[in-house]
Structure formats: structure tokens, C-alpha cells
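Here's a quick tour for anyone meeting this structure for the first time. Take a look at the sequence and the 3D view before reading on.

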Amino acid sequence: MRPSHSVGPRHRGRTAAGTALPLILLSGLAPGLLACGATQPAVDRPPLEFSAAAAPPAADASMHWVLPPLELEALLDQTLDTGDFEMRQLAATQYGGTGPKKVTFHFPEVGKDISFKWKPVPRNDMDEVNNSLRKEIAAYEIQKLFLDPEDYVVPTTVAHCVPLRRYRADYGKGRPSMEGADCVLGGLSVWIEDVTLSDELYDPKRFVADPVYASHMATFNLLTYLIDHRDARRSNFLIAKDPAQPRVFSVDNGIAFEPFLYNIFADNWNVLRVAALRRDHVERLRKLSREDLDVLGVVAHLERDERGVFRRRGAKKNLEPGEGVRMTGEAVQFGLTNHEIIRIWERIQTLIAEVDSGALPVF
């Protein structure tokens, strides 16, 4: 059953114009504003002349990542807390209203320089509208439930609390992110290589004519639909420069998972605009149980050591399912709330119902 306040997959519209407009506070007449600003007329679906037999060859999982995503995760697990890496470069990014930096580290273990986007969390808050580390990590983690690494849309993203002494040496001025801490907490997202901005991500005619483009575009749109992505600024999405493998990436996902504030006048990607979805991805979603989504309840857990530095730890028990950020004197935990997880489940069920009815084709 489609919740009355959601924008279902059959409501599609134009591609995002990319203009950054003020965020709107949804209160009072918000439901009417939401329906007017976000719902688009359904589009006619062109006949699909390609089939699963024309699916593209698998892309190289490390093509835009320097290291394959899961290898990079393992490297970060081994090195972030030990400090076994060197800062090589720090620079301001061209885009981003919350002060992100591009940092390049050298990892002796693999003999590589790897760049990341670094964004500190808001001090003592950690979950602002356009700076939500928990949502950025959750967007990365959710794709593991239905995508193979070579199809990942969201760059590898992890939480990291930089010891204050090292932070001031490498980054400059800094203050502890929370009371009792001796570190600056933020998110590291691997820098996607060999990509560019696009004025028009979705080309319906190319979708029908080019199975490779269709595969990548369908993968991207399925991810943005599931996370309810509502920030259509042009700089939030990147497309591969290689015309033979036009992968599409969502690199800023903080305004997602039923955000309270967002731009209702933009053509956001929380709806399905593509003419069809990949059958293998839909079938993997079909096999999920509601309980499988509970892994999103804890996407990062850090514990305070004897020096006041919060260190990354493995999956732990959810400290408070009703909250997205959970803090104690000795730990900080990030994840989706129960309500946000239920909404993802509802979106999956709506999508599957539309596929089964024939309203949403698969290939």
C-alpha cells in the first residue's frame, strides 16, 4: 500500500535543473506544498527494444575508486585508528556549502595515494539538515543489500574521529566535536575519479537505444528512489567520462531518508524517472525481509579510548532505535531510525507491486 504522503515510483518528471534554491520548512500547509512541488505527471513509457541479453559487461569495481570498494573498506578498518597513513594534500572543494575538504592520504600498506572528501560533523549536534554523517553512511550501506560492488552508486563513506593533535597539524584549527572528546569527528568519502558534471543526467531516448547507459541509469535511479533523495543540486551527481561505461554516482546524500527540510521546487531524484529497472536488482530487493533492513539501524559505532579519542568499532547493539544519533559518555552511534527503515521497506513493497502489475517494466 502506498503511504499517502510519499511520492510513488509512477510519478516521474523532468531531469533536475540543478539550481540550488532555499530549503522549505514543511509545516502548516506543507502536505499541499509537497504534492504541488514534488509530484510530476506520469510519463508515457516508450517501448523497450533491448533485453537482459544485451546487458553490459561488468565494470571494473575499482575503476573510479582507486581500490575496489570492499578492499578500501578493509584498508580503512586497518589504518584509520592506527594512524598508519600520511597526509599528502589538503584543499578546498569546488562545491559544497558545509565546508568539505579534499584530502589525499598516502597508505604505505598498499603503496597508493587515495583522495577523500572530508566533512566534519556539526559540533555537539552531528545531524544537521545538510550535514548528516549517518545518512551519508546509510546511503553507502543500503546499496550492499541489492548491488554488487561494480554497480555501487555511492562512494565508500566511513566515520573517523581525528585525534586533536593530529587534526591541528594536518588540517589546521579544530575543536573537539563533543564534550569529553579529544578528536574531531567527521566523514571520509572516497574521491570519485574520472567523472564529470552533467547538465542532463537522464536522456529517455538514449535509455531505450543504449543498454549500457540504461543499466547504469536504472541502477542510479533505483538507489536514489530507495533513499528518498531530495537534493537535486547538479554538483551532487557525477557521471563517468568514459562513454562506454557511463556510470552515474550520487556523491552527496545528506538530504535523504524522508528529510524534514528540502527543496520542493526542484525535480528531485526520489521518484523513478527511468523507463525500466534491472530485473536482477528488483529480484534481490524482493528476497529481502523486513528484518534484513535492520542492519541500517547501526551504520557506525565509535567508542572513547583512555585518551578521549573515539575509535571505530564493529557493529553493536542499537542503543536507541528511535534516534538517528545516539550518544553516551563513552560511545557515539549513527544509524537510521526505525521510522526511516520502515519507510524504506514501504518503498520497496510499492516498487515490487508496480513491477508485478506490469506498470514498471524490467530488463
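Are F105 and F116 buried or exposed? Both F105 and F116 are buried, where buried means under 20% relative accessible area, exposed over 50% and partly exposed in between (1.4 Å probe, protein chains only).

## Ground rules

This is a predicted model, so local features need pLDDT of at least 70 and side-chain atom pairs count only at pLDDT 80 or more, while totals for chains, interfaces and linings use all residues. Residues are numbered from 1 along each chain as its sequence is written, and side-chain values use heavy atoms, leaving out hydrogens and water.

## Rings that meet

The model has 14 aromatic pairs (Phe, Tyr or six-membered Trp rings with centres within 6.5 Å; planes under 30 degrees apart are stacked, over 60 edge-to-face, the rest tilted). With centres 5.8 Å apart and planes at 40°, F105 and F116 make a tilted pair. F105 sits in strand β3 and F116 in strand β4, eleven residues apart (strands are DSSP E runs of at least two residues, helices H or I runs of at least four, numbered from the N terminus). Ring pairs also link F85, F105, F107 and F116 into a cluster.

## A covered strand

Now for strand β8, residues 183–190: eight of its eight residues are buried. C183, L185, G187 and S189 point one way, and V184, G186, L188 and V190 the other.

Strand β7 runs antiparallel to β8, joined by seven bridges (strands pair if DSSP finds at least two bridges between them). V162 has V184 as its bridge partner in β8. Strand β4 is antiparallel to β8 too, with five bridges.
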